[in-house]
Amino acid sequence: MKFETIAVHAGEPDPATGAVAPPIHLATTFARDAELALIGDVQYAREGGPTHALLEAALARLDGGEAALAFASGMAAGVAILQGLESGDRIVLPDDAYYGFRVAARDFLEKWGITTEIVDMGDLSHLARALEKPARVVWLETPSNPLLKVVDLAGAIALAKQAGAITVVDNTFATPALQRPLALGADVTLQASTKYLGGHSDVMGGALVFARRDALATRVEHARHILGGVASPFASWLVLRGLRTLALRMERHAHNALIVARALAEHPKVAAVHYPGLPSHPGHEIAARQMSAFGGMLSFRVRGGRDAAIASVSRAKLFIRATSLGCVESLIEHRATSEGPGSTAPPELIRLSIGIEHPDDLIADLTQALR
């Protein structure tokens, strides 16, 4: 079946009652029978539960993987991969990786004895040089946050495999609706399901989908169980509900974002637009090859520097001034302010999460904000 059909049928009717909407199982502990055998598959909610199992089965199917794990946040999901590493291991991170993972590398991985190298992966020769030394994990993110850089996934994954490294692809901006890293050979995909998978600014979660149900998946599941990063049942149910409209929403997000990006590219107060759907984007051809559409995220640089960017964000009326992304309403932020001290975002950069409103209204708001 096609992706849209699989997404709509995420969570089949409940076999016990026939309910079309899957039930929420809020239990934290699960009973055993008189012989002390578990009645179900789990004994305690930190291991997962019936609602988690429905979500994980849907996520694996949508991404084309053999196994999936639901987490309390995208950071919890990503860090669970890192918690499975050994002291002395080395990881390669992209230079525009989500700032939370850059901070985790700076503040925690060194204490754990894990070495991190940050590489501009827009040029795969940089990655090839980095992999001349042993690496355990190659972390990929495309399009990236917040500069919308594009990495050639097939090429990067091939280099990682030659070096014997695991590939983890943060696919939060694209989602499996628009980009399929596992089909290109990746080992794991990461989603902050707070964003597009949930889609309505009302749930926090994260997910990992594994190409194979192998030792890596088992190790990460053990880390989630013991260290406690599992998603709540209600959060899992909300993400499961969000999956049903994912394909439809991503189509509208991408449609609107392309229209807005084209308008911003013509605005005299805008110095540059970062959106892979524009032919002027340096990664446009690669993105067109590995994505079915270019997504709902974009960023742009305002002429006049930091003060002009902050003033423009302050004047927004329809766009909501908030961090996060992937929701039905459009969000605007001065990215360096949101990231805080140590941010690598350019001071004149504004990041937009384009929602599903009418694009004419979004353009009108940006036009008056940039006046």
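Predicted model: local features only at pLDDT ≥ 70, side-chain atom pairs only at ≥ 80, totals over all residues.
Which strands does helix 4 lie across?

**Stop 1**

Colour the strands and follow the order 1-7-6-5-4-2-3, which takes you across an open sheet of 7 strands with mixed pairing. At the edges sit strand 1 (67–71) and strand 3 (115–119), and each of them pairs on one side only.

Now zoom in on strand 2 (residues 90–94) together with strand 3. The two pair in the parallel sense, over 5 bridges. Select I91 and look across to strand 3, where T116 stands opposite.

**Stop 2: helix 3**

Next, select residues 74–83. This is helix 3, and it packs on the sheet, touching strand 1, strand 2, strand 4 (137–141), strand 5 (166–170), strand 6 (188–191) and strand 7 (206–210). Line the helix up against strand 7 and you'll see their directions make an angle of about 45 degrees.

Helix 3 is mostly covered, with 7 of its 10 residues buried. To pick those out, select G74, A77, G78, V79, A80, I81 and L82.

**Stop 3: helix 4**

Back to the opening question. Select residues 99–109 to bring up helix 4, which lies across strand 2, strand 3, strand 4, strand 5 and strand 6. Against strand 2, helix 4 runs at about 150 degrees.

**Stop 4: H281**

Leave the helices on the sheet and jump to H281. You'll find this residue in the loop between strand 8 (270–274) and helix 11 (284–290). Is H281 buried or exposed? Its relative accessibility is 9%, so H281 counts as buried.

Show side chains and check what surrounds it. Leaving aside residues up to four places away in sequence, H281 touches L148, V150, H274, Y275 and P276.

**Stop 5: E251**

For the last stop, select helix 10 (residues 246–265) and find E251 within it. Here the relative accessibility is 56%, so E251 counts as exposed. Finally, draw a distance from the C-alpha of E251 to the C-alpha of G295: they are 44 residues apart along the chain, yet the separation is 8.1 Å.

Conventions: Residues numbered from 1 in each chain as written. Heavy atoms only, no water. Helix = DSSP H or I, 4+ residues; strand = E, 2+ residues; numbered from the N terminus. Buried < 20%, exposed > 50% of the residue type's maximum accessible area, 1.4 Å probe, protein only. Contact = heavy atoms within 4.5 Å. Pairing = 2+ DSSP bridges. Axes fitted to C-alpha atoms, helices over the stretch in contact; angles between N-to-C directions.
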